[in-house]
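Welcome! Take a look at the sequence and the 3D structure below, and then read on for a short tour.

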Amino acid sequence: MSTVFKALADPTRRKVLQLLRAGPLSAGELAAHFDVSKPTMSAHFAVLREAELVDSIKQGTTVIYRLKLSVLEDALLGFAQLFGISTQADDGMDPPTTATDEAKENT
Amino acid sequence: MTYASAATTTRAAMAVAALTMLIGGWLCWLLPERSWAWLPVMAAMPLVWLIHRQFAAAPMPRSMINALTGAGLMLSLAMLAVALEQLAWFSVEPGELSKRAFGVIIGGLVVAYANVIPKQATSARRAGLLRFCGWMLVLGGLAYAVVWLLAPLPWAQVLAMAALLTAVVLVAARVLWSVRSNSNSPTAS
């Protein structure tokens, strides 16, 4: 459960989930909505994947992300957005990423 | 769902197995003439662990551990209701606590299974449908459990069934509507 809370604590990741509500989007399309570096976005995607809140499919050179929320997670996301819950450590984070991750997400 | 580590899941299952045996033992002491009913329940979880340990080559999968934990919790809750009724701590009608506990367990089961329905989506179209189905059944299951917990006993069954049935009818209507709109769309084969 802690991975889900960690994933939902960050406003950027919540915005990613919100964008995915409309339908699947590529990593590039999602990154275009944020003013953050690609490695940072890549780390955010990794956290969401680890919490199993999103599903990723590789189509050629593009990674497509799709929402994968249970009802409880959906409700938690709604509450988090309503009350703007976030942890101090997660706000404005710029997590370290590996070169492999960055290369993967650049596609 | 990555909710807990494998070690935590195993510890939780063992704790639930211990709880089942403890409550079972208490019931054997309270109602010795019905020990034949509680002893198999107490033995069930340790027996599954033992059989798996003896015959399975790989460690027990997490899904199986979770299923065992769920089963143990249901058995514990049901036996606890019987035990509390025997102690007569609450002034309730005979069999009321067991009936209410059973209703809460059924409602909880509906919630647990409906909760993961949206995760099974394979396309955007199905995602919307499964999200609706999941939400409706979770709310229906929740209402079922709450009604059994709080409503007056003579009304509980009717109200709980009405709540769950409403959810099922809404889900069926949405599925039918989705199938109809699929077959009417020009791209449908």
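Contact here means heavy atoms within 4.5 Å. By that rule, chain A brings 17 residues to its contact with chain B, and chain B brings 17 residues. This is a predicted model, in which local features need pLDDT of at least 70 and side-chain atom pairs count only at pLDDT 80 or more, while totals for chains, interfaces and linings use all residues. Residues are numbered from 1 along each chain as its sequence is written, chains are lettered from A and ligands numbered from 1 in the order in which they are written, and side-chain values use heavy atoms, with hydrogens and water left out.

**Where the chains meet**

About 1300 Å² is buried between chain A and chain B, with carbon and sulfur atoms giving 50% of that area. Buried area is the accessible area (1.4 Å probe) that two parts lose on being put together, summed over both. There are also 8 residue pairs in polar contact between chain A and chain B, both residues being at pLDDT 80 or more. A polar contact is a pair of N or O atoms within 3.5 Å; within protein, one must be able to donate a hydrogen and the other to accept it, and residues adjacent in sequence count only if both atoms are side-chain atoms.

On the side of chain A that touches chain B, helix H1 (2-9) and helix H5 (71-83) of chain A each supply at least two residues. H5(A) gives the largest share, 5 residues. Helices are DSSP runs (H or I, at least four residues) and strands are too (E, at least two), numbered from the N terminus.

**Salt bridges**

Side chains of opposite charge can pair when their charged atoms come close. A salt bridge is a side-chain nitrogen of Lys or Arg within 4 Å of a carboxyl oxygen of Asp or Glu. The whole structure has 5 salt bridges over all chains, and 2 salt bridges lie across the interface of chain A and chain B. Here are two examples:

| Salt bridge | N to O distance |
|---|---|
| Asp74(A) and Arg131(B) | 2.6 Å |
| Arg66(A) and Asp55(A) | 2.8 Å |

Arg66(A) sits in strand E3 (residues 62-67) of chain A and Asp55(A) in strand E2 (residues 54-59) of chain A, 11 residues apart.

**Two helices side by side**

Which residues of H1(A) meet H5(A)? They are Val4(A), Phe5(A) and Leu8(A), and their partners in H5(A) are Glu73(A), Leu76(A), Leu77(A) and Ala80(A).
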